[in-house]
Amino acid sequence: MTSTPGLIIVAVLAVVLLLFLVMRTKLQAFIALLVVSLLVGLAVGMPPGEIITTIEEGMGGTLGFIAVIIGLGAMFGEMLRVSGGAERLALTLMDKFGEKNISWALGLTGFIVSIPVFLDVALVILVPILYSLTQKTKKSLLYFGIPLMAGLAVTHSFIPPTPGPISVASLLGADLGWVILFGALAGLPAMILAGPVFGKYIANKIHVGVPEYMLEQMKEVDYDRDLPSFKSVVLIILLPLILILVNTTADLVLAEESTLREVLTFIGHPFVALTMAALLTFYIFGIKRGYKKEEIQQITTKALEPAGIIILVTGAGGVFGEMLIQSGIGDILADAMKDANMPIIVFAFITATVVRIAQGSATVSMITAAGLVSPLLDSFNVSEPMLGLLVIAIASGATVVSHVNDSGFWLVNRYFGLTEKQTLKSWTVMETIIGLVGFGVALLLSLFV
């Protein structure tokens, strides 16, 4: 089946089958992506040997970059978590911003903490602070919770080294410096509107206190316990981001034969930047705070467990994208978009949105959308900055309309003691604001790059 209509049918059926396997049969996304990729190859008549080669190339080409970054980021984040770095950030920012502006402090806390720490882990760490503030002020838990969750959700989706944007950047071949820059430009207004602004509004509509079932296991916030310094936490988190941005800038402003450019490109490569940050984290938040070497080894080894599945799913997404390229489906999609005069950034957002609404997982939505977008890049002659904006567009589409098929929906539902209707009115709307603002900023920036 190599005719144009046949290839279009294969592409549509591939996405439908992928959604069916993940949603209805609950097949793990890694297996589902591999199965669909195999079937696509067979359906378009590729020789079996070529199918196997395509799988190897798609998996290897993706994991050569992604495995190192996600592994280093996971260890870096876990060391920050166990040392109390997240709590230090929250408590210091709340003190600096003052009681009247606590919601802004919590939004900024989430924005910074979620760069190295997974969203669900960060919520579990910081939720005692939300409970304490709620009991102290008698305000709705959403007044404090929505700004924090908005900050966490924005960087979880938009700013590396979190798995989502790293995975999409790898599949599209985007420079992480541009992704970080555009992620911050899109993420800050998204966090402000979805966090403190929307949080204040929804807190007046829905008043909830600390859930009764959480009272017994609620920990008192110890404001006096020994925590890392605020400066050390912020500097360690920002170090790899700054180095990566310096790398991108050096490529633009320094001559190719420049020794300085060579040095900055080396230390600013994500591998080197994150390795340096991880080693500093082990020393400053580990050794200097009394952890034994064996304890640090156990902490960092445990951190790699959740990273493993993300790495494999991303690799399978690379296989899916490579199969679409080799089968010729990518060229058909590109031609169809050109005929419809649809900008590639709009296609990226819509694709991620459709998959997100259908199956729930933001990570799977990002990877699936990136797999569909990557075969189009050669046809559209996409620039380096534009690749960064495509990452943000896909991340935005994979953020909107979180509902009952998303694990994040139920995480917030339980920790905030909300009904399903209240969760839809608060969390779902918050996520949708983030996605729409993020895409709006990316679309606006695309006019200038």
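User: Hi! Where is the place of Asn381?

Analyst: Asn381 sits in the loop between helix H18 (377-380) and helix H19 (384-397). Helices here are DSSP runs of H or I with at least four residues, strands are runs of E with at least two, and both are numbered from the N terminus. Before we go on: this is a predicted model, where local features need pLDDT of at least 70, side-chain atom pairs count only at pLDDT 80 or more, and totals for chains, interfaces and linings use all residues. Residues are numbered from 1 along each chain as its sequence is written, and side-chain values use heavy atoms, with hydrogens and water left out.

User: Thanks! Is Asn381 buried or exposed?

Analyst: Asn381 is exposed, with a relative accessible area of 70%. Buried means under 20% relative accessible area, exposed means over 50%, and partly exposed is in between (1.4 Å probe, protein chains only). Asn381 also has a positive phi of about 50°, although it is not a glycine.

User: What about Lys138, what is its phi?

Analyst: The phi of Lys138 is near 65°, a positive value in a residue other than glycine. Lys138 is in the loop between helix H6 (119-137) and H7. With a relative accessible area of 63%, Lys138 is exposed.

User: You mentioned H7. How many of its residues are buried?

Analyst: In H7, 17 of its 18 residues are buried, so the helix is mostly covered. From its first C-alpha to its last, H7 reaches 26 Å, close to the 26 Å expected at 1.5 Å a residue. That expected span is 1.5 Å times one less than the number of residues.

User: New topic: how many salt bridges does the structure hold?

Analyst: There are 3 salt bridges in the structure. A salt bridge is a side-chain nitrogen of Lys or Arg within 4 Å of a carboxyl oxygen of Asp or Glu.

User: Why do such side chains pair at all?

Analyst: Side chains of opposite charge can pair when their charged atoms come close.

User: What does Arg356 form a salt bridge with?

Analyst: One partner is Asp406, with the closest N and O atoms 3.3 Å apart. This pair links distant parts of the chain: Arg356 is in helix H16 (residues 344-359), and Asp406 is in the loop between H19 and helix H20 (407-415), 50 residues apart. Both Arg356 and Asp406 are buried.

User: And how does Glu431 come into it?

Analyst: The side chains of Glu431 and Arg356 also meet in a salt bridge, at 3.0 Å from N to O. Glu431 lies in helix H21 (residues 420-446) and Arg356 in helix H16, so the pair ties together parts that are 75 residues apart in sequence. Glu431 is buried, with a relative accessible area of 6%, and Arg356 counts as buried at 1%. Salt bridges that share partners join Arg356, Asp406 and Glu431 into one network.

User: Last one: which residues form the nonpolar patch on the surface?

Analyst: Ile31, Val35, Leu39 and Leu42 form it, with about 320 Å² of accessible area together. Patches are made of residues with over 30% relative accessible area and no salt bridge, where like charges are joined within 9 Å and nonpolar side chains (Val, Leu, Ile, Met, Phe, Trp, Tyr) within 5 Å. Accessible areas come from the Shrake-Rupley method with a 1.4 Å probe, and for residues only the protein chains shown count as cover. Leu42 lies in helix H2 (residues 29-43) and is exposed, with a relative accessible area of 55%.
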